[in-house]
Amino acid sequence: MKTEFSASKIMMFKYIKPLLFIFILPTLKGVINYLKDSNLSGIITLETLLLIAVIAFAIIKCKSFKISVSDNYLTVSEGVFLKSKSEIEICDISCITVSVSPIDFVFRSAYIRINTEAGSNKKCDFEFRLKRENAFWLYNTVYKTESSLTVKYSFLRLLLSVAAYTSVVTGVIIGVPFINNAGKLLGYGIKDYLINELNAVSNKFGRYVPPVVNAITLSFIFFYLIAFIYSLVKYGGFRFNVGKNNVEISRGVITKIHTRFNKRAVNCLLTEQSFMLRLLKLYSIRLSIGGFGVGKGETSVMDPCCSRHNAHIFLNGFFPAVKEVNGNGVRRICPHEKTLFRFFIGPSWWYLGVLALLYAVTVFFPFVNEFIIFVAAFCTAVFIYYLTLRVFCFKNGYAVLNNVFCIRTIKGFKTAVLYCPKEKVGIVKIVRWPLDFKHKTCSVSVSVLNEHGDKAQALFVDFGQVKEKIYELYKVNV
Amino acid sequence: MTAYKLTKKCVVLWQIRILLLALFLCGIAVWFFHISYAFIFTAVSVISLAFVFGFWYFPQYAKNFSLEITDTAVTVKSGVIIKTVKIMPLLRTIYVTRYSTLLSSAFKLNSLCLRAARGILITPEIDIDACLKVERAVKGED
């Protein structure tokens, strides 16, 4: 039985959205001015004609979109001048997401994202809007509804999770364009107003701390608050349903987002701990499934902060073979005891390089000495923290090369454990430096076969054991 | 194993596209003549390049191109100066997209895009039957 759907009418806004601030709104402003002052310039006439052409094209493109669902296949046809037709086997769909924003609620539509392992990272395979009932029908057809265990978070747990996972960078990415565009729309210099306020407050404490340091600290706090509020709204109502085959994640306060995927679509699982999570003895669990977490500002975090006990339940629920990794009798290939100093070499070079650069800046620009001292102190603190992470990697890092590959390492400024079934491993890379030949060690890097290209590296582990395991698994002599 | 080549229709299609593009660029260059006569050189360069691509490069490319379908993989051989062979295992291919434009539909040609995890293989316009054959091979129906 084949069912066919057309796109919802409001999908046309997807095609005109990129031109909204640079073309459409200025043209509309010009037209409004004409209606007020009866003063029509040649440019506005041309722009209005172009606007009509753009809207007409968007409508035609929206009407050309068709999606049909048969027993095993999903066919997506779209395009006006460049028509495309893709036929995807339903079992190859790695995850499907349906979201209902306030605009979708008003127009009785829903936004669907269908993803496979193909395509590029951070880009969805297919995204479109359907009528709400059609969208949910498609959602339930691709991955059937199952009876499942529901896990919900309390508000306090949610606050803690959001605080632990929010970052200043997210706040900057969200806040800066929003402030700029809001200022342009309202015709009011919000950005200038904020900068003036920031300078005024920074200068009040200028006697104790350099004003530029105050300004940077206040900016960090401001953007962190923006990210925190944004994440709270995004993750409010977070719950997941774990069934026999499928998993569903629901979240969102203003825009409700539901994502469903099959457990076998999980490529790998990462448990991470940032500095704050390590203090609180909590873990963040991130899943790698094709297309999960590709939305703007999204991550593929399944649980941003859970206890060790719940992390194990999680892991065993997705990867029963993980018990094999964490059980007794499983050989963990650990860093050699003589390689501790090698963990410090890389960060030390980085630190010395930064200090040299800062010194060069003070020579050429002596008036920023105070700021440079602050930056040097900050870099020193970061360096010391990173050294502690490297010590952690030496003491606790390992590689398990089995039916489930498991690498414990550090990624950036977080500690992480990567679990990946052997079938999903893409490339195993073994690197040996000159000192590795002396210590009989090597570094093992495992890349996962997925669109994210997740990888993890165990440093300076015993080469003999790695060689033995690689031969056992792949019958290859290293 | 089944092998497909680019047909003369595909060569003509690309010659038409190159001609249209050359006309468009020459038109812009001619429009700027009143600013500087140096744009004559631009127009001459565009026409020369169009000749080279339309009457030498693309016919050679079509002659060297082949698409082979076996039980296990799709292989595309192409190139004029630098020859490349791209192999996409059928097991790793997740889905196939067919593209057509107004012109290529008139010639009954479609271009193919085979997608795998972190991999993509695009072919120029080939016969629709060949495209359907590749699709069936990816689905495992052949």
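In chain A, residues 24 or more positions apart account for 58% of the contacts with a separation of 6 or more. The model is predicted. Chain A has 16 helices and 20 strands. Of its 478 residues, 44% count as buried. The accessible surface of chain A comes to about 25,400 Å². Carbon and sulfur atoms make up 65% of that surface.

The whole structure holds 22 aromatic pairs over all chains. One of them joins A:F5 and A:W137. The arrangement is edge-to-face, with 5.5 Å from centre to centre and 70° between the planes. This pair links distant parts of the chain. A:F5 sits in strand β1 (residues 3-6) of chain A, and A:W137 sits in helix α5 (residues 132-142), 132 residues apart. A:F5 counts as buried, because its relative accessibility is 8%. A:W137 has 33% relative accessibility and so counts as partly exposed.

**Aromatic groups and charges in chain B**

Chain B contributes an aromatic cluster. Its members are B:W14, B:F53, B:W56, B:Y57, B:F58, B:Y61 and B:F65. A charged residue also meets B:W14: B:R17 lies over its face, at 4.8 Å from the ring centre. Another such contact crosses between chains. B:K139 lies over the face of A:Y73, at 4.7 Å from the ring centre.

**Helix α14**

Helix α14 of chain A runs over residues 369-396 and has 28 residues. From its first C-alpha to its last it reaches 40 Å, close to the 40 Å expected at 1.5 Å a residue. Its buried residues include A:I372, A:V375, A:A376 and A:C379. Further along, A:F392, A:C393 and A:F394 are also among them. An α-helix has 3.6 residues a turn, so residues three or four places apart point the same way. What do the buried residues of α14(A) pack against? Their partners in chain A are the helices α10 (275-280) and α13 (342-364), together with the strands β16 (404-411), β17 (414-421) and β20 (455-462).

A:D436 lies in helix α15 (residues 434-439) of chain A. Is A:D436 buried or exposed? A:D436 is buried, because its relative accessible area is 0%. Leaving out residues up to four places away in sequence, A:D436 touches A:R342, A:V431, A:T441, A:C442 and A:F460.

A:I10 is found in a loop, between β1 and α1 (12-16) of chain A. With a relative accessible area of 7%, A:I10 is buried. A:I10 touches A:I103, A:D104, A:F107, A:S109 and A:R129, again not counting residues up to four places away in sequence. A:A416 is 406 residues from A:I10 along the chain, and their C-alpha atoms are separated by 42 Å.

**Positive phi at two lysines**

Most residues other than glycine have a negative phi. A:K281 has a positive phi of about 55° although it is not a glycine. This lysine is in the loop between α10 and β13 (283-288) of chain A. A:K475 also has a positive value, with phi near 55°. A:K475 is in the segment after α16 (463-474) of chain A.

The table collects some accessibility values.

| Residue | Relative accessibility | Class |
|---|---|---|
| A:F5 | 8% | buried |
| A:W137 | 33% | partly exposed |
| A:K281 | 66% | exposed |
| A:K475 | 58% | exposed |

Key. Residues are numbered from 1 along each chain as its sequence is written. Chains are lettered from A and ligands numbered from 1 in the order in which they are written. This is a predicted model: local features need pLDDT of at least 70, side-chain atom pairs count only at pLDDT 80 or more; totals for chains, interfaces and linings use all residues. Side-chain values use heavy atoms; hydrogens and water are left out. Helices (H or I, at least four residues) and strands (E, at least two) are DSSP runs, numbered from the N terminus. Buried means under 20% relative accessible area, exposed over 50%, partly exposed in between (1.4 Å probe, protein chains only). Contact means heavy atoms within 4.5 Å. Accessible areas come from the Shrake-Rupley method with a 1.4 Å probe; for residues, only the protein chains shown count as cover. Rings of Phe, Tyr and Trp (its six-membered ring) pair if their centres lie within 6.5 Å; planes under 30 degrees apart count as stacked, over 60 as edge-to-face and the rest as tilted. A charge sits over a ring if NZ of Lys or CZ of Arg is within 6 Å of the ring centre and within 35 degrees of the ring normal. The expected span of a helix is 1.5 Å times one less than its number of residues.
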